[in-house]
Amino acid sequence: MAKGSRRLVLGFLFLPLLYALLLRLNLSSFHAWKKQLSHWSSISFESSYTDFQQSTAFMKLQLQTLVRESGRHELKQNGLTCISDHHSDICITENSVRITAASTGITVHLTAGQTLPPSAPSRFILHPYPRKNDPDAISRTTPVTLLPTPSTPPPCSFHYSSPALLFSAGGFAGNFFHDINDVIIPLFLTSSPLRPDLHLVITDLQSYWSLKYHRILRLVSAFDPIIIQSPSRSPSKVLCFPAAIIGLKYHGTLLCNTTEPPGAVSTSDFRRFLHDSLISVPHLPGLAKPDQPVLVLISRNKSRMLMNEEGVIRIAKKAGFNVVVAKPEMMKRVEQFAGFVNRCKVLMGVHGAGLTNMVFLPPEGIVLQIVPWGLEWAAKEYFERPARRLGLRYVEYHIQVEESSLYDKYPKHHPVISDPWSVNRKGYNVSRPVFTDGQNLRIDLERFRKTVLQARRLILPDNS
């Protein structure tokens with residue numbers, strides 16, 4: 001006991017001497033020593049508090065980049081702003097929230113005095129998926145209800161030090177076009193000011209989806225995704241965050257608009273992000289041939305099939321391409337297929353979700369779209385314009401009505417044959433069963449040969 005007391009006294013005498021020695025010999029060493037003792041040092045506590053204030057202020061500045069000037073003012077004054085447009089609703093709060101799952105959906109409790117929009121002062125409901133005017137998509141999206149500050153907030157089950165980004169992977173997710181267009185690009189845009197220091201809180205998530213895109217999710221956030229489902233199978237947990245974004249920003253079809261918040265984020269930036277996330281060059285023995293650039297043909301096995309696909313392949317080979325046929329099974333493993341497409345020169349296929357793989361093409365890659373009867377508008381909106389924005393070269397083959405199976409189904413004077421745009425004007429529910437789901441194609445190979453040769457001429461001989 002006496003020995004222990006003597007050691008304690010000696011220890012207290014030694015500390016001031018050590019302090020003086022470090023101060024004289026090495027100031028940086030003193031800072032390191034001070035950091036080690038920060039758990040009891042009042043000086044370190046003040047420094048940590050200052051760091052916390054600076055970190056919080058920086059986080060608020062980052063969140064403000066997601067809205068225009070009027071929204072920034074509201075965010076500063078109220079701590080919350082909600083923005084609605086034709087595609088989506090999104091709410092941003094720079095103050096604390098508590099998130100929980102209920103039987104009717106997800107609830108976000110505003111716990112720092114934030115007030116809701118005047119149009120919905122007691123509760124604000126949104127669907128955190130950017131197709132709010134599509135009933136089919138919204139029926140597959142869990143609603144989120146924002147509630148004003150309760151008198152007694154629900155107690156926290158988990159505390160997090162970084163903001164939350166709450167969104168849905170429901171809607172049309174599972175279709176590759178909608179995965180990229182409706183979820184991944186909006187997620188890239190919305191997360192960009194905070195990435196990777198934010199928590200992804202995901203609802204309506206299927207396990208296969210998170211496995212398929214886990215490398216993207218890992219680049220967006222430094223933390224494991226938080227899955228929140230409604231109704232919850234287990235007792236509801238209350239997740240507490242210092243700030244939150246509810247919903248996703250959407251700029252347009254496969255588009256990042258540099259003039260829209262968060263600003264200065266381009267489609268090319270997204271393409272680089274996607275390549276960094278997914279593309280690792282696979283070993284492809286026998287694929288690369290100096291005199292035969294690789295053309296990948298997206299093969300369809302349901303609607304809009306090429307009934308003479310073998311003839312199409314033969315024409316492409318005669319034009320000098322090394323043709324690889326990509327069946328649906330081949331495209332399921334997105335990481336491998338992304339690397340595969342990145343080694344190719346041309347991606348060819350009938351209008352459909354498979355052409356979205358053009359995002360993986362190398363710079364100045366070529367998209368060759370075969371446009372079915374009645375789908376000219378969709379071909380331009382969903383693939384031609386985005387391809388050009390991605391810096392890709394674009395070639396298309398418009399079929400004639402005789403090349404569509406619709407020609408044998410309808411009388412020659414029926415609007416489907418004589419005036420397809422009049423059918424499209426009646427709405428997607430009317431046109432989809434006809435033009436999207438109801439036709440296959442038998443290509444005029446002689447006409448098509450000219451289009452394939454056009455694509456081949458775009459590839460320089462020394463860059464094959």
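One cut-off before we set off: a residue counts as buried under 20% relative accessible area and exposed over 50%, with partly exposed in between. Take R388 as a test case: its relative accessible area is 47%, so it is partly exposed. Keep in mind, too, that this is a predicted model.

**Stop 1**

Now select K380. E384 has a salt bridge with this lysine as well, and here the closest N and O atoms are 3.2 Å apart. Show K380, E384 and R388 together and you have a network of salt bridges.

Which of these residues are buried, and which partly exposed? E384 has 12% relative accessibility, so it is buried. K380, at 35%, is partly exposed, and R388 is partly exposed too, at 47%.

**Stop 2**

The structure holds 14 salt bridges in total. For another one, select R68 and E260: their side chains meet at 3.0 Å, N to O. Where do the two residues lie? R68 is in the loop between α3 (42–64) and α4 (69–78), and E260 is in the loop between β12 (244–246) and α9 (267–278), so the pair ties together parts that are 192 residues apart in sequence.

**Stop 3**

Hide the side chains for a moment. Most residues other than glycine have a negative phi, and most peptide bonds are trans. With that in mind, select P261 and P262: the peptide bond between them is cis, with omega near 10°. P262 belongs to the loop between β12 and α9.

L254 is also found in the loop between β12 and α9. This leucine has a positive phi of about 50°, and its relative accessible area of 3% makes it buried.

**Stop 2: either side of β9**

Go next to R195 and P196, where you'll find a cis peptide bond with omega about 0°. P196 is in the loop between α6 (176–191) and β9 (199–203).

Then pick D204, in the loop between β9 and α7 (207–212). D204 is not a glycine, yet its phi is positive, about 60°. The residue is buried, with a relative accessible area of 15%.

**Stop 3: α10 against α17**

Last stop: select residues 309–318 (α10) and 445–457 (α17). Their axes come within 10 Å and cross at roughly 40°, which makes α10 oblique to α17. As for handedness, the crossing is right-handed.

On α10, pick G311, V312, R314, I315 and A316; on α17, pick L445, F448, R449 and V452.

Conventions:
Residues numbered from 1 in each chain as written. Predicted model: local features only at pLDDT ≥ 70, side-chain atom pairs only at ≥ 80, totals over all residues. Heavy atoms only, no water. Axes fitted to C-alpha atoms, helices over the stretch in contact; angles between N-to-C directions. Helix = DSSP H or I, 4+ residues; strand = E, 2+ residues; numbered from the N terminus. Parallel < 35°, antiparallel > 145°, perpendicular 65-115°, else oblique. Left-handed = near helix turned anticlockwise from the far one by under 90°. Contact = heavy atoms within 4.5 Å. Salt bridge = Lys/Arg side-chain N within 4 Å of Asp/Glu carboxyl O. Buried < 20%, exposed > 50% of the residue type's maximum accessible area, 1.4 Å probe, protein only.
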